[in-house]
Amino acid sequence: LDLSLEKTYLQTKARIVHKILSLSKNNPMVLLLDDLHLAHPVAIEVLYHLLLSLKNPEYAQSMLFLAMTYQKSASEAHPWNRLLENYSANSSGSNFNDSVSENLADSTHVKIMNYCLETMPLKEVGLYLASALGMTYTPEIFASRIFSLSRGNALEIHAILQGMLAKNALYLEDGQWCIDSAHLLEMALPQ
């Protein structure tokens, strides 16, 4: 590895952490981080260094971390989960209380709330779609495609359905919801 590249990387990481800390020094800050299960490992590393910096009471009193991720058991090896484990191990007096919906790291000065969002399995996605669309059957192929795009996340399912409505890929005909099967393969999460 090129030492100048490594030095630039470390300096950039330090500048990001310094900027966030300087913003929080005079103004209380809530740092809401959504979809951390999708975060790049470098971003997670920056967050880890920010958390370590928050051990300084001067900064920690003015910042609250709220992190949103998918269910922890689905991605044990993800860098965010490793960050929580490393931070817990390196923080005196800090511990994590794992439950299905919340992990809380509580040290003397830092509170991290990591909300793990529940996802629906494929069968529940099918039942949800049948119920939401007033169908007397479970649309299995449609549910499978929606599940593959949303990974069972209810908010993403809702966004996909809204996108389909906007493109007339989901429409009402004679009082029943219809799915334009030509759009099934090209469906994507709305941007």
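## Overview

Buried here means under 20% relative accessible area. The structure is a predicted model. Of the 191 residues of the protein chain, 38% fall into the buried class. The chain exposes about 11400 Å², and 57% of that area is supplied by carbon and sulfur atoms.

The protein chain contains 7 helices and 6 strands. Their order along the sequence is α-β-α-α-β-α-β-β-α-α-α-β-β. Among contacts in the protein chain with a separation of 6 or more, 60% are made by residues 24 or more positions apart.

## Helix H1 and Lys-13

Helix H1 covers residues 3-26. With 24 residues at 1.5 Å a residue, H1 should span 34 Å, and its end C-alpha atoms lie 35 Å apart, so the two values agree. The buried residues of H1 are Lys-13, Val-17, Ile-20, Leu-21 and Ser-24.

Why is Lys-13 classed as buried? Its relative accessibility is 8%, and the cut-off for the class is under 20%. The side chain of Lys-13 makes a polar contact with the side chain of Glu-45, at 2.6 Å. Leaving aside residues up to four places away in sequence, Lys-13 touches Glu-45, Val-46 and His-49. One of these, Val-46, is among the buried residues of helix H2.

Helix H2 runs over residues 41-53. In H2, the buried residues are Ile-44, Val-46, Leu-47, Tyr-48, Leu-50 and Leu-51.

In soluble globular proteins, nonpolar side chains tend to be buried together. In this model, the largest nonpolar core has 20 residues. Leu-36, Ile-44, Leu-47, Leu-50, Met-63, Trp-80 and Leu-83 have the most contacts inside this core. Two or more core residues come from each of H1, strand E1 (29-33), H2, strand E2 and helix H4 (79-90). Which element gives the largest share of this core? Helix H2 does, with 6 residues.

## Ala-67 in strand E2

Ala-67 belongs to strand E2, which spans residues 63-70. Ala-67 counts as buried because its relative accessibility is 0%. Ala-67 and Asp-35 are 32 residues apart along the chain, and their C-alpha atoms are separated by 7.9 Å.

Strand E5 (residues 170-173) and strand E6 (residues 176-179) run antiparallel and are joined by 4 bridges. Within this pairing, Tyr-171 stands opposite Cys-178, and Glu-173 has Gln-176 as its bridge partner.

How many residues lie between E5 and E6 in the hairpin? There are 2 residues between the strands, and Asp-174 in the turn has a positive phi of about 55 degrees.

## Positive phi in two loops

Most residues other than glycine have a negative phi. Arg-151 is not a glycine, yet has a positive phi of about 55 degrees. Arg-151 sits in the loop between helix H6 (140-150) and helix H7 (154-166). With a relative accessible area of 34%, Arg-151 is partly exposed.

Asn-168 is likewise a residue other than glycine with a positive phi, near 60 degrees. Asn-168 is located in the loop between H7 and E5. Is Asn-168 buried or exposed? Asn-168 is exposed, because its relative accessible area is 54% and the exposed class begins over 50%.

How values were computed:
Residues numbered from 1 in each chain as written. Predicted model: local features only at pLDDT ≥ 70, side-chain atom pairs only at ≥ 80, totals over all residues. Heavy atoms only, no water. Buried < 20%, exposed > 50% of the residue type's maximum accessible area, 1.4 Å probe, protein only. Contact = heavy atoms within 4.5 Å. Areas by Shrake-Rupley, 256 points an atom, 1.4 Å probe, with all protein chains shown as cover. Polar contact = N/O pair within 3.5 Å; in protein donor to acceptor, adjacent residues only side chain to side chain. Expected span 1.5 Å × (residues − 1). Core = buried A, V, L, I, M, F, W, Y, C linked by side-chain atoms within 4.5 Å. Pairing = 2+ DSSP bridges.
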